[in-house]
Amino acid sequence: MDSFDVPDSTDWLETPLSLLAPLESSLRCQVCKDFFNNPVITSCSHTFCSLCIRRCLSTEGKCPVCRSSDQELKLRRNWAVQEFVETFQNARQSVLDLARKEAARLKDGDSTIREPSPKKRKVDRVDVREEVTVVQASPRRARTRSQRIKNDAPNTEPVPVAQETIEVIEDSQDEGEEEYVPDDGMVACPICQRKMKAHAVFSHLDTCQGITPAPPPPSKPSAFSVAHSSLQPQPNRLQSSPGNAPERIPAMNYSLLKDNLLRKKLRELGIPDWGPRPLLQRRHTEWMNLWNSNCDSRIPKTKRALLQELDIWERTQGGHAAGPSPFATNSAVMRKDFDAAGWSASHDTDFKRLIANARIKSDTQVRSTIPGASEKSTGESSTGSAAPVAPVEAPPDNGIPVESNQNIEPRSFDPSG
Amino acid sequence: MGSSIAQKRLFHEYKNLSTNPPEGITAGPVSEDDMFYWEALIQGPEGTPFEGGVFAAELKFSKDYPLSPPTMKFVGGGVWHPNVYPNGTVCISILHPPGDDPNHYEHASERWSPIQSVEKILISVMSMLAEPNDESPANVEAAKMWRERRAEYEQKVRDEVRKGLGL
C-alpha cells in the first residue's frame with residue numbers, strides 16, 4: 001500500500017482537524033488532484049494548474065468546470081493562490097504531525113476522560129481560543145463542547161461557534177496587518193520596490209522604469225518573512241530579467257502545414273520528429289503545453305527537464321506507448337530502436353513457413369528457367385542465376401529475415417496480420 | 001521513471017476512495033501494477049428492486065485520463081436495466097465525452113469533464129439504478145418492460161439480484 005500513500009486532503013479526516021480537509025481540497029487542482037502547480041485563472045474565473053488547463057483547452061477548448069469556451073492566451077497567473085499553496089504546503093507536515101499526535105493521545109486517553117462538568121465550560125472555551133492561535137486547537141474539547149451544547153441547550157449553539165470563528169479570523173487579520181503595514185508609513189512600488197508615500201505610488205507607476213536596482217527589501221524579523229520572502233521579490237525578478245523569460249510557443253494550425261514542414265518545425269523546437277502525422281501533432285501540442293506552462297512558473301525548469309517530461313509523455317501516451325496505440329504498430333519496424341531479436345523470436349514460426357514457401361517457389365522457378373539446375377543450386381549460390389536462392393539459405397534466426405524475404409512474399413509481413 | 005499524470009491522478013482518487021468512501025461504494029485497482037484497470041462494487045440502492053444486491057463492475061481508464069472518461073462494465077451476471085447493455089456495458093451520460101453525442105439527447109453539462117471522478121461516476125450509476133433514463137435505452141427489452149410492465153420488470157430484477165447472491 002505504500003505506493004498509494006500520496007498526501008491527500010483525506011489525511012485530515014482521522015485527526016481532530018478534520019475541518020482542514022475541505023481547505024486542502026480547495027488548494028488542489030480539480031483536474032490532477034494535486035496542489036496547484038503554477039496556478040492560472042481562466043476567463044470564467046476558475047483556477048487550475050497551468051499545465052492541466054492547457055491540456056484541457058488544447059483537447060476541448062472549454063473550461064472543465066463550467067464548460068465555457070476559453071483560450072490559452074487568456075489564462076492569467078494567479079499569484080495569490082500560488083502563495084496560499086506554498087505557505088500551506090510549508091506548514092502542512094508539522095500541523096499534520098501535531099494533529100496526528102493529538103489524535104493518538106485522544107485515542108489512548110478516551111476511556112479515562114469523561115465529559116467535563118458544565119461548570120468548567122467557560123474555562124474550556126477560553127482555552128480553545130488561545131490554542132487556536134497556535135494552530136493546535138484541542139479537538140477533544142471542541143468535540144466534547146459541541147456534544148454538550150447539543151445535550152443541554154440547542155439555542156446557544158450558534159453563539160460559541162460564531163465566537164470561535166470570529167476569534168480565528170481576527171487572529172489571521174492581525175498577522176496580516178503586522179506583515180503588510182510598514183512601520184514608517186511608506187509604501188513600496190510594486191515594480192521597483194522603492195519606498196514612497198502611498199499617494200505618490202500611482203503617479204510613480206506611470207513613469208517607473210523598474211530598471212534601477214531595487215534597494216534590498218527592508219528586513220522583517222517576523223516569523224512570516226521566511227514564507228513571504230520567496231514570493232515578494234517575484235514581480236521585481238520578472239521585471240528585471242525580461243530577456244531571460246522564455247518566449248511562449250504559439251499555437252499552430254496543423255491543417256495548414258504539410259508533413260515535411262511540420263517535421264521541420266519539430267526539429268527547430270528540438271523535439272523528436274519521427275512518427276506519423278497525428279503523432280507529430282500530438283507531440284507538438286504536448287510540447288507547447290509543457291513549454292508554455294513552464295513560462296508561467298516562477299522558477300522555470302530547464303529545457304532539458306522539459307524534454308524529460310516529454311519523454312515520459314512519449315512512453316505513456318505518445319509513440320512509445322504500449323498497448324492499442326494506433327501509432328505503435330505500423331511504423332515499429334522502421335524505428336531505430338526496433339527490437340530485431342525479439343521480433344524475429346516471436347515471429348519465428350512465420351519466418352520458417354515463409355522460408356519454406358520461398359524455397360519451394362524458387363526451386364520451381366530455377367527448375368523451370370534452368371532445367372536440371374535444382375541439384376546444383378546450393379553450390380552455385382554465388383552465380384548470377386542462382387542469386388535469389390541465397391537469402392533462403394540463411395538460417396532464419398540470423399539477423400532480421402524480414403528484409404531478405406520481403407521481396408518474395410511481402411503480404412505476409414504486414415505486422416498487423 | 002516518472003509516472004504519468006493519469007497514474008498520479010488515479011493514485012489520488014484511489015486514496016480518496018479508500019479513506020473516505022461514499023456509502024455503498026467500493027472501488028480500486030485490481031492490481032497495484034496496473035492503475036488503469038479497476039474493479040468497483042456497488043450496493044443496490046435501498047427502496048428499489050436492486051436493494052440487497054451487490055454489483056461488480058470493471059472500469060478501464062485510457063492513458064490520457066482524465067481528459068477522456070473511463071468505460072464501465074458490469075461483470076458476472078447481467079444487470080437487467082434500460083441503461084445497461086446486455087453485455088454489461090453502462091450507458092450513462094457522465095461516461096460520454098462532451099465532444100460526441102451519438103444519442104442527441106444529453107446536455108453537455110451532464111457529460112464527462114476532467115473534473116469528474118470515479119466517485120462521481122459510481123454515485124451516478126447508483127442513482128441510475130434507482131431511476132432509469134428512458135430516453136436512450138441501451139437494453140431495449142428492459143426499457144420496454146420497465147415502461148409497460150413495471151411489476152414484471154421489478155420481479156425480474158429481484159430474481160437477478162437473488163441469483164447474483166447465490167440464493
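**Notebook: chains A and B of a predicted model**

I began with chain B, where helix H2 (residues 118-130) lies across S1, S2, S3 and S4 of chain B and runs at about 30° to S2(B). I take helices (H or I, at least four residues) and strands (E, at least two) as DSSP runs, numbered from the N terminus, and contact as two C-beta atoms, placed from the backbone, within 7 Å. Axes are lines fitted to C-alpha atoms, for helices over the stretch in contact, and angles run from 0 to 180 degrees between N-to-C directions.

Before going on I noted that this is a predicted model, in which local features need pLDDT of at least 70 and side-chain atom pairs count only at pLDDT 80 or more, whereas totals for chains, interfaces and linings use all residues. Residues are numbered from 1 along each chain as its sequence is written, and chains are lettered from A and ligands numbered from 1 in the order in which they are written.

**Entry: the sheet of chain B**

I looked up the secondary structure of chain B and found four helices and four strands, which run α-β-β-β-β-α-α-α from the N terminus on. The strands form an open sheet in the order S1-S2-S3-S4, with antiparallel pairing, where two strands pair if DSSP finds at least two bridges between them. Strand S1 (25-31) and strand S4 (71-74) of chain B are the edge strands, each pairing on one side only, and the twist averages 25° from one strand to the next.

I then went through the pairs. S1(B) and S2(B) are antiparallel over six bridges, a hairpin of two residues joins S1(B) to S2(B), and B:Ile25 has B:Ile42 in S2(B) as its bridge partner. Strand S3 (residues 54-60) of chain B is joined to S4(B) by four bridges, also antiparallel, and B:Ala57 has B:Phe74 in S4(B) as its bridge partner. Helix H1 (residues 5-19) of chain B lies across S1 and strand S2 (34-43) of chain B, running at about 135° to S1(B).

In the loop between S3 and S4 of chain B I found B:Pro66, and the peptide bond from B:Tyr65 to B:Pro66 is cis, with omega near 5°.

For chain B as a whole, buried residues make up 38% of the 167 residues; a residue is buried if 20 or more other C-beta atoms lie within 10 Å of its own, exposed if 12 or fewer, and partly exposed in between. Among contacts in chain B between residues at least 6 apart in sequence, 51% join residues at least 24 apart.

**Entry: two positive phi values in chain A**

I checked A:Lys33, which is not a glycine and yet has a positive phi of about 65°; A:Lys33 sits in the loop between helix H1 (20-26) and strand S1 (39-41) of chain A. A:Lys33 counts as buried because it has 23 C-beta neighbours inside 10 Å.

A:Ser45, likewise not a glycine, has a positive phi of about 65° and is placed in the loop between S1 and strand S2 (47-49) of chain A. A:Ser45 counts as exposed because it has 10 C-beta neighbours inside 10 Å.

**Entry: H2 against H11 in chain A**

Two packed helices are described by the angle between their axes and the distance between the axes. H2(A) and helix H11 (residues 277-295) of chain A pack at an angle of about 145°, with their axes 9 Å apart. The residues that meet include A:Arg54 and A:Arg55 in H2(A) and A:Asn289 and A:Leu290 in H11(A). By class, this contact has two nonpolar, six polar and two charged residues, with Ala, Val, Leu, Ile, Met, Phe, Trp, Tyr, Cys and Pro counted as nonpolar, Asp, Glu, Lys and Arg as charged, and the others, Gly among them, as polar.

**Entry: where chain A touches chain B**

I found 22 residues of chain A in contact with 25 residues of chain B. Helix H2 (50-59) and helix H12 (303-316) of chain A each supply at least two residues of the side of chain A that touches chain B, and H2(A) gives the most, with three residues. The residues on that side of chain A divide into ten nonpolar, six polar and six charged.
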